[in-house]
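Take a slow walk through this model with the sequence at hand. We will go from sheets to helices and back.

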Amino acid sequence: MKGVRFFQSIQYKLIIIYVLMILIAMQLIGAYFILTLENYFKNDFIDSRTKQAQLLAETVEKYLRDNNQESKDADPKKLAADLNEVVSLFAISQSEIQIIDANGIVLSTSVAGRQSVVGQKNIQTEVSRALQGIKDNQRMFTDYDGVRKLVLAKPIGSGVKVYGAVYIVASMKDVYDTVNRINGIFISGTLFALALTALLGVILTGTITKPIQQITKQATAVAEGRFNEKVPVHGNDEIGQLGATFNFMTERLREALSLNEEEREKLASILSNMNDGLIATDEQGRVIVINRRAKHILQVNEDTTLGQPLTEVLALSPDVIRQMSESEDTSETLLKLVHASEDEPFFVRATFTQIHSHSKESGTSGTIVVLQDVTDQEKLEQSRREFVANVSHELRTPLTTIKSYLEALGDGAMEEPELGQKFVSVARNETERMIRLVTDLLQLSRLDSKQAIISRETTDVGDMLEEVADRFSFQLNQQAIKIDIEVEPDVPEIKLDRDRIDQVLDNLVSNAIKYTPEGGHIRIGARRTEPALLEITIEDNGIGIPKKDLGRIFERFYRVDKARSRSMGGTGLGLSIAREIVKAHGGTIQLESEYGHGTKVTFTLPYQQEEAGQ
């Protein structure tokens, strides 16, 4: 009965298992001992050969030094005999010792069958290093016959000058044979211990393996999502209590997983439908989560992004990422991204927030980065700054001129009627220029704020274009510029705001005349395109526009030739107003030009439904 209780107690079963584990651990210690013993034998062998080489070098130094000092009268045979005698005293079995002079020539060898190398030059790396005065020259290698050998070389010479070198090639076969014999003894003992351990393990663990197998089976069922099965409980011992606890844990786990799945789906839905990009990293700064919007902003693939450092994903230096991540509060930075598929860069505001964790020594377990596409805001802000600067510049120039001339009039220019009249005329022209500028700005403001009223009336396209040509006939004749009007026969009448479209046409034709040299040619054409659009084209063969300026030609106050445009009385707002008027009619406008070959401006106006049906 006492024995039965002993085997029913999991505590004593674990004690026996731990004893067996200690036995196995002893085998590991034995393996460590063998490895240490092997290292000891090798190190002892190397030390022994090193000391022997050093002693031999000190012994033969006198012979080589004397031979070097009396080189004219020296007897090579006597030197070789003396060296052979010394080498024979240091001869080692399964080893070769060579005495080499300062030129690398072998003077003596301890192996009788290797006398042919005497007088030959030894070109081994260790010998070369020793002849340079380097003392630590040794290496181990496996010979062609599979025998491990040690090669070492020691310089001969106690002073600065090196008289030669001692070169030793020693076989380590005896060392490894000894180690192998010890390994054989250890392996035999280990196999016996393992067999005994396995036998005891089978006998003692049989009483606990069956309940554990049942728990393992249930754990597999839980991992597969089957939470209805229960572990049978056969007793109140430790394994029985474990089975009951496992059943309770299974029930709680089922509830927790159900709740977690709901939360995960909610989170995944939120992340997928966020307007902002989101990236989460672990404590090493590697990406673990990236939502769809962030992939779109960065134009990356999720498969290649997960696991990548945040520095590579955002193309920022590690110092910037570290500074943002280590900030206690939320920190922001503005990124300028340029993608191959985009013509212009766009701007992204990146907000870094730490994920705090009390279980980590560093206090943080990662970083959350929120990406907001602020390209439109940046462009708007840039446009606002440029607009304010341009308006200030455009107003300052005439105001400065008016002020200067008024001061001149106040200083006495009025007393000279001709000069005073000239100053007053200049001030009047600058005032009219400011009035035009303010009028254009007010018109643009109304168009931007959708306050401009578009009063449509039925208009004959051909008559409208003929009237445009008539209005500029004087300038055209003055500069000998020919103008052609081409209206296709099937172009019907269209409802539009005649005054505003006339303003568009006047602006475009005026520009064409300004930048077309004398004797040039201007063509105004109109045709109907599908679906239900009126297309009007103004084309000239003037000086054209450089390619670098085409992208900004419709910007407010933008001039290709600033000095010439201002001298001609332009405000720099004509094309901007034309674009806004066309947009207010629901149409589009575009400009094509090649520098030195003329310019072509095309805008379209949609027909209303009743017109399109005609």
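Begin with an open sheet of five strands, in the order 2-1-5-4-3, with antiparallel pairing. Strands here are DSSP runs (E, at least two residues), and helices are DSSP runs too (H or I, at least four residues), each numbered from the N terminus. Two strands pair if DSSP finds at least two bridges between them. The edge strands are strand 2 (106-109) and strand 3 (138-142), and each pairs on one side only. On average, neighbouring strands of this sheet are turned by 20° against each other, direction ignored. Such angles are taken between axes, which are lines fitted to C-alpha atoms (for helices, over the stretch in contact), and they run from 0 to 180 degrees between N-to-C directions.

A word on the source. This is a predicted model, where local features need pLDDT of at least 70, side-chain atom pairs count only at pLDDT 80 or more, and totals for chains, interfaces and linings use all residues. Residues are numbered from 1 along each chain as its sequence is written, and side-chain values use heavy atoms, with hydrogens and water left out.

Strand 1 (residues 95-101) pairs with strand 2 in the antiparallel sense over three bridges. Ile99 has Ser108 in strand 2 as its bridge partner. These two strands form a hairpin with four residues between them. In the turn, Gly104 has a positive phi of about 85°.

Move along to strand 6 (residues 277-281), where Thr281 is found. Is Thr281 buried or exposed? Buried means under 20% relative accessible area, exposed over 50%, and partly exposed in between (1.4 Å probe, protein chains only). At 1% relative accessibility, Thr281 counts as buried. Contact means heavy atoms within 4.5 Å. Leaving aside neighbours within four places in sequence, Thr281 touches residues including Arg286, Leu310, Ile355 and Thr367.

Next comes helix 15 (residues 498-514). The expected span of a helix is 1.5 Å times one less than its number of residues. For the 17 residues of helix 15 that gives 24 Å, and the end C-alpha atoms are 24 Å apart, which agrees. Helix 15 is mostly covered, with 12 of its 17 residues buried. Among them are Ile501, Val504, Leu505 and Leu508.

What packs against helix 15? Helix 13 (residues 461-471) does, at an angle of about 50°, with the axes 10 Å apart. That makes helix 13 oblique to helix 15. Angles under 35 degrees count as roughly parallel, over 145 as roughly antiparallel, 65 to 115 as roughly perpendicular, and the rest as oblique. Helix 18 (residues 574-584) also packs against helix 15, at about 145°, with the axes 9 Å apart. Residues in this contact include Val504 and Leu508 of helix 15 and Ile577 and Ile581 of helix 18.

Finish with another open sheet of five strands, in the order 12-14-15-17-16, with mixed pairing. Strand 12 (482-487) and strand 16 (588-593) stand at the edges with a single partner strand each, so one side of each is left without a neighbour in the sheet. Eight bridges join strand 15 (residues 533-540) to strand 17 (residues 599-606), and the two run antiparallel. Glu539 stands opposite Lys600 in strand 17.
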